[in-house]
Amino acid sequence: MTSRPIGRRASPAVCTADCVADSAGGITFDITGTARPGATLVLRRRAGDDGAPGSGARGGDGRGGGDDEVRLPLTGPAAVGGAGTTRLRAVLPSTVELAEGHWDIFTGASGDQPVRPGIRDVRALIDRVPGAGPVAARVPYPTADGRLALRTWLRAPHAEAGTVRCEPAGMSVEGVLYGAGLGEHARAEARLRGGDRTHRVAVTGRGGVFAFTLPYGPLAGAPGERGGPGGRSMPGQDRWHWDLWLLPAPDATGIRISRILDDIWDKRAIHVYPAHRVPAAHGTDGWLAAPGYTQDNDFCVRLDPVPVPAAPAPTSTR
């Protein structure tokens with residue numbers, strides 16, 4: 001995907017960076033603006049991104065640590081544009097490890113001037129096959145206020161979601177496991193976010209390829225009573241999330257199932273799957289179930305209550 005940000009509020013940035021990503025995970029930044037040779041491009045991890053697993057996590061993914069600031073030298077000129085505009089270059093090699101999170105990008109003598117996003121050529125990230133070691137993914141993106149940032153993931157091991165097929169009673173998922181072997185009794189586990197319920201299903205596959213089918217009914221049924229996945233009544237609870245994990249062996253630590261090996265930094269509004277009403281035979285017909293992704297591109301199933309039809313307005317008679 002090659003794109004240029006449009007319609008965003010201007011930021012105080014004085015430089016613009018065009019980004020080119022390569023299939024190994026490296027990124028080249030070509031800078032146009034007031035930066036001068038000898039300056040640096042600063043990548044600073046956003047406060048609050050501590051690399052911990054996402055909401056509802058219970059172990060399993062290595063999301064990295066390390067430094068919260070990386071400085072890259074600006075060299076050049078990389079090219080000279082119209083009217084003698086100088087373009088400087090900074091290179092982030094794939095061998096430089098970045099902890100998982102959001103990294104804001106700055107320049108200037110003190111590293112405090114935000115950088116505007118220019119053209120982002122990230123086509124090489126589509127269907128990328130990672131090499132040996134931890135799976136690292138980096139996607140440059142424009143923030144809501146018009147600055148350039150970098151979304152990074154660092155997973156060891158990593159379960160990459162692939163094809164998702166949605167049926168009325170459940171979904172089937174295919175994927176690839178990196179950094180671990182798939183055992184004979186592998187399972188996929190759905191974990192209720194904010195609760196202590198789980199549901200496991202069998203996983204088939206060989207080598208690093210895995211597949212499983214997850215029915216929606218057990219996710220919607222309350223234990224021992226009607227009213228919702230957590231055993232509570234529906235009033236005040238309008239949505240439930242079940243996070244999906246892969247257990248390569250019965251006693252293995254769970255590996256978060258995600259989709260990070262492409263060019264999309266936030267899949268919530270991009271990968272939208274159809275929702276199906278949970279069959280009444282499972283004890284409730286009050287929920288719509290749909291697969292989807294979190295803001296971290298982790299895979300989940302969302303349950304929304306079926307809207308109650310409005311009562312027809314009374315008709316007057318004379």
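Me: Are Tyr-273 and Tyr-293 buried or exposed?

Reply: Buried means under 20% relative accessible area, exposed over 50%, and partly exposed in between, with a 1.4 Å probe and protein chains only. Here, both Tyr-273 and Tyr-293 are buried. A word on the source: this is a predicted model, where local features need pLDDT of at least 70, side-chain atom pairs count only at pLDDT 80 or more, and totals for chains, interfaces and linings use all residues. Residues are numbered from 1 along each chain as its sequence is written, and side-chain values use heavy atoms, with hydrogens and water left out.

Me: How many aromatic pairs does the structure hold?

Reply: Rings of Phe, Tyr and Trp (its six-membered ring) pair if their centres lie within 6.5 Å; planes under 30 degrees apart count as stacked, over 60 as edge-to-face and the rest as tilted. There are five aromatic pairs in this structure. One of them is stacked, because the rings of Phe-210 and Phe-212 have planes at 5 degrees, with centres 6.5 Å apart. Phe-210 and Phe-212 are both buried.

Me: Why is the pair of Tyr-273 and Tyr-293 called tilted?

Reply: The ring planes of Tyr-273 and Tyr-293 stand at 45 degrees, with the centres 6.4 Å apart, so this pair is tilted. To place the two, remember that helices (H or I, at least four residues) and strands (E, at least two) are DSSP runs, numbered from the N terminus. Tyr-273 lies in the loop between β18 (255-258) and β19 (276-277), while Tyr-293 is in strand β20 (residues 287-293), so to speak a link between distant parts of the chain, 20 residues apart. Ring pairs also join Tyr-273, Tyr-293 and Phe-299 into a cluster.

Me: Which ring has the charged end of Arg-191 over it?

Reply: A charge sits over a ring if NZ of Lys or CZ of Arg is within 6 Å of the ring centre and within 35 degrees of the ring normal. The charged end of Arg-191 sits over the ring of Trp-245, 4.2 Å from its centre. Arg-44 lies over the face of Phe-106, at 4.8 Å from the ring centre.

Me: What does the side chain of Asp-18 reach?

Reply: Look for polar contacts: pairs of N or O atoms within 3.5 Å, where, within protein, one must be able to donate a hydrogen and the other to accept it, and residues adjacent in sequence count only if both atoms are side-chain atoms. The side chain of Asp-18 reaches the backbone nitrogen of Ile-119 at 2.8 Å, and a polar contact of 3.1 Å joins it to the side chain of Arg-87. Asp-18 lies in strand β2 (residues 15-21) and counts as buried because its relative accessibility is 19%.

Me: Where does Arg-45 lie?

Reply: Arg-45 lies in strand β4 (residues 40-45). With 10% relative accessibility, Arg-45 counts as buried, and its side chain reaches the backbone oxygen of Glu-100 at 3.0 Å.

Me: Where does Thr-294 lie?

Reply: Thr-294 is in the loop between β20 and β21 (299-305). Its relative accessible area is 13%, so Thr-294 is buried. The C-alpha atoms of Thr-294 and Arg-268 are separated by 6.2 Å, although the two residues are 26 residues apart along the chain.
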